[in-house]
Amino acid sequence: MLLQQIVNGITIGSLYSLVALGLTMVYGIMRVLDIANAGAYTLGAYLGVWAYTRTHSIIIALLAGVGGAAITGYLFQRAVYTPIKKVADPIVPLVASIGLFIVMEDLFRLIAGPYTITFPVHLPLNRLTLGSVIITGTQAVILLVSAFLFLLLWILLNKTKIGLAWQATAQDVETAMAMGINTRSVVAFAFILGYAFAALAGILVAIHYNAVFPTMGDIPSYKMLAIVVLGGLGNPLGAVVASMVVGLAEALVAGYIGSFLPTDAIAFLALIILLLVRPQGLFASGGDAR
Amino acid sequence: MNYWAVLATTVGIWVLLALSLNIITGEAGQPNIGHAAFFGIGAYTSAILNTKYGVDFWGALIVAIAVSALVGAVLGLISMRLRNDFLAITTIGLNFVTVAVFQTVHYFGGAMGIGGIQPPRIGGLAFGTLEIAGLIWVVVALVVILNRHLQKAWFGYALRAIRDDEAAAAAMGIDVRRYKVLAFVIGTGLAGLAGSIYAHFMTFISAGDFGFNISVTILAMVVLGGRGSIPGVMLGGIVLGMAPEVFRFISDYRLLVFGSILVLVMRFFPSGLLGQGSRLQELLTGFIRREGAGARVR
Amino acid sequence: MSDEIILRLDNISKKFGGLVALENVNLEVRAGEICGLIGPNGAGKTTLFNVVCGVYRPAGGTVWFKGESVSGLPVHQIARRGIARTFQVVKPIPRLTVLENVLIAGASHLLAGAWIPFTTRGQRAVREKAMTALIRVGLAAEANLPAGQLNLGYLRRLELARALVMNPSLLLLDEPVAGLGYDAVEDFLTLIRELRREGLTVLLVEHNTGVAEALCDHMLVLDHGKMIAAGEPARVLADQAVIEAYLGKDDFLGPSA
């Protein structure tokens with residue numbers, strides 16, 4: 001029972017971390033809390049299901065979802081965030097991102113309809129049974145894909161020029177500028193990667209629950225904010241660890257204590273308590289805002 | 001008549017909420033994206049005192065203001081320790097946690113909410129919709145007068161100094177902590193006041209009335225109207241407060257329009273429509289000489 | 001110049017993480033003098049300055065101001081006790097007018113008046129005080145412009161007015177002429193000399209040794225958080241240790257402006 005809850009928690013945590021990574025990537029470079037990132041999550045799911053019902057190829061579905069979201073991220077960055085960023089007040093990009101998120105959700109509703117549609121993928125995988133623990137086929141896929149992406153991101157951030165540039169900028173924008181890092185391409189990199197990760201998480205969630213609906217990004221959008229703060233804004237490793245902590249906490253609370261509070265409030269309650277004790281977050285933040 | 005009184009009350013409550021958030025976010029520059037939590041705390045305090053303990057509206061109103069302001073003071077103290085972005089997220093969290101508590105704890109009526117709240121009364125006269133509309137707009141007028149007064153006093157300048165540069169403010173002898181907390185206390189106390197009137201106007205409240213989308217709407221009123229500008233946030237409150245009525249014919253696209261306006265205004269008028277330094281404001285001051293006696297020349 | 005010691009730093013130390021920023025720094029500033037604090041970049045000048053203002057709490061040692069310890073007091077209280085400062089990177093309140101910027105600083109000790117509009121008659125004294133400070137620094141004509149519209153030279157004057165209106169016993173200037181053109185530097189130095197003649201005590205942080213030499217009665221050189229020399233400017237600047245500390249830094253030879 002405990003092991004089963006842990007497996008479930010890690011699965012949820014992996015999905016959280018894919019979205020949280022996107023948010024933290026964008027924050028690290030731009031100091032913007034990009035709520036619209038969760039729109040990419042829903043967008044990925046819709047594009048994925050649209051492509052899948054036409055081609056019945058999961059690969060094409062993934063490419064469509066991730067590609068579409070990456071393009072959207074790039075467009076948002078060029079058309080909205082970079083121009084707005086010249087304004088000093090951080091509430092301006094935040095409100096703009098809330099606006100973008102509202103627009104995206106309403107477009108999903110208007111175009112695809114307000115109802116839930118299914119994502120009928122049949123993965124050729126059997127459920128694994130290890131003692132008392134059951135890992136379903138989609139759970140296994142989620143875990144494997146996430147592990148692969150963490151590795152990919154680690155390599156990108158530590159072995160490529162643009163990734164190292166991202167790290168330098170996340171630590172200190174001014175130094176990065178002084179070092180002559182071309183922040184324009186690094187910003188684009190962060191948005192493209194951030195939105196692509198969110199879209200992938202959206203597709204996986206849609207397959208996992210066999211459901212796509214316009215407001216599926218609501219809960220991730222705000223819960224991810226709590227998670228990225230727990231992990232230290234702009235700190236990718238922290239975001240992954242915090243996602244796992246929150247995923248596990250939710251699974252264990254749901255499994256043992258029952259619902260004394262809706263699960264979605266747990267992350268925020270944990271966040272508020274943590275911030276009272278450690279105002280700088282669970283991990284040192286990459287950001288140097290303020 | 002009744003339709004207009006209801007509309008006037010609803011819009012009045014929105015305007016009061018926008019004015020109250022403006023003191024925190026517009027004047028002192030502290031992000032608060034969970035303002036509906038204080039609106040809710042005021043409403044629930046008032047409702048519980050009235051329905052469970054038989055306290056009348058006026059008594060409940062005072063306690064509602066006090067309780068909201070107290071929670072606001074705690075948030076203000078926390079804000080001293082947090083970076084701006086962390087504070088923004090903490091306020092979102094506060095909103096979610098507050099709604100979750102209202103929704104799940106039996107004492108607060110749980111998912112059913114609280115009904116049977118009595119309308120305000122003076123002597124033998126129970127307030128009807130018209131009287132409540134009068135009450136809320138009298139409150140709005142008082143708040144505007146007081147707020148304008150404070151904006152011209154050292155207190156108002158101190159808040160704006162803190163908003164623009166805390167280090168400079170402290171170097172000028174401003175007790176940053178005290179004035180930040182005061183801004184939170186005043187702003188959240190007024191939100192509690194709005195909540196109390198709302199509860200006794202509706203006579204039935206539930207957690208959903210104070211959700212995160214309400215916080216976003218209040219913030220939108222302040223930001224679209226112009227942070228720090230009293231006429232601006234009042235305009236924001238009136239326009240967005242009436243929007244559901246006025247735009248009924250496009251009700252299916254209401255959110256789409258709302259979201260697009262947020263994006264476009266932030267993109268092209270980041271100070272809001274009537275905010276300081278906004279293009280519209282510059283145009284207006286070109287034609288209208290403002291009365292401002294003394295030092296206020298913009 | 002009197003013998004009264006306005007500011008005395010007693011064995012001040014400050015660490016950031018494991019990094020020692022200041023180590024046992026001692027300093028005395030006498031009433032009416034201009035005391036310079038110089039040193040190469042990263043020497044700890046601004047850190048020491050921030051310790052005096054209360055931005056940082058010293059890890060060891062005491063800051064004595066007019067005979068009382070002020071270490072550990074919050075910034076605004078130190079400011080109200082009479083230590084006013086300017087910033088190396090100017091910090092105007094951009095959306096307020098020049099006069100309003102000065103009014104805030106001028107009225108900060110009037111706690112009772114915090115709720116009374118400046119436009120009322122009772123606040124006239126504060127307005128006049130602020131205007132006097134603006135006239136003193138030569139900004140009277142710009143009083144009603146938004147501070148955000150001023151150029152750097154005027155902003156440095158604005159900061160000076162904001163400090164003067166607080167009637168400080170000690171004025172801390174953090175690289176007050178950085179970024180100014182040659183004429184503006186000369187004007188500003190003249191202004192500071194005049195203020196000193198009127199009895200103001202100044203602690204000046206300066207990277208540029210030429211500027212410091214032109215102004216200071218007395219100076220202290222920091223390098224890597226330690227005091228390496230102190231005394232009269234001409235003697236200090238001839239000191240071998242000071243020359244070595246600055247060696248290879250192109251700004252040793254006079255004002256770069």
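What percentage of the 298 residues in chain B is buried? Buried residues make up 60% of chain B in this predicted model.

**Secondary structure of chain B**
- Chain B contains 12 helices together with 2 strands.
- Along the sequence, the order of elements in chain B is α-α-α-α-β-β-α-α-α-α-α-α-α-α.

**Dimensions and packing of chain B**
- The radius of gyration of chain B is 19 Å, which agrees with the value near 19 Å that a compact globule of 298 residues would have.
- Taken along the principal axes, the box filled by the C-alpha atoms of chain B is roughly 50 × 45 × 40 Å.

**Contact between chain C and chain B**
- Chain C brings 32 residues to the contact, and chain B brings 27 residues.
- On the side of chain C that touches chain B, at least two residues come from helix H2 (75-81) of chain C, and at least two come from helix H3 (98-106) of chain C.
- H3(C) gives the most to this side of chain C, with 5 residues.
- Sorted by class, the side of chain C that touches chain B comprises 18 nonpolar, 7 polar and 7 charged residues.

Note on methods. Residues are numbered from 1 along each chain as its sequence is written. Chains are lettered from A and ligands numbered from 1 in the order in which they are written. This is a predicted model: local features need pLDDT of at least 70, side-chain atom pairs count only at pLDDT 80 or more; totals for chains, interfaces and linings use all residues. Two residues are in contact if their C-beta atoms, placed from the backbone, lie within 7 Å. Helices (H or I, at least four residues) and strands (E, at least two) are DSSP runs, numbered from the N terminus. Ala, Val, Leu, Ile, Met, Phe, Trp, Tyr, Cys and Pro count as nonpolar, Asp, Glu, Lys and Arg as charged, and the others, Gly among them, as polar. The radius of gyration is taken over C-alpha atoms; the globule rule is 2.2 Å times the number of residues to the power 0.38. A residue is buried if 20 or more other C-beta atoms lie within 10 Å of its own, exposed if 12 or fewer, and partly exposed in between; C-beta atoms are placed from the backbone.
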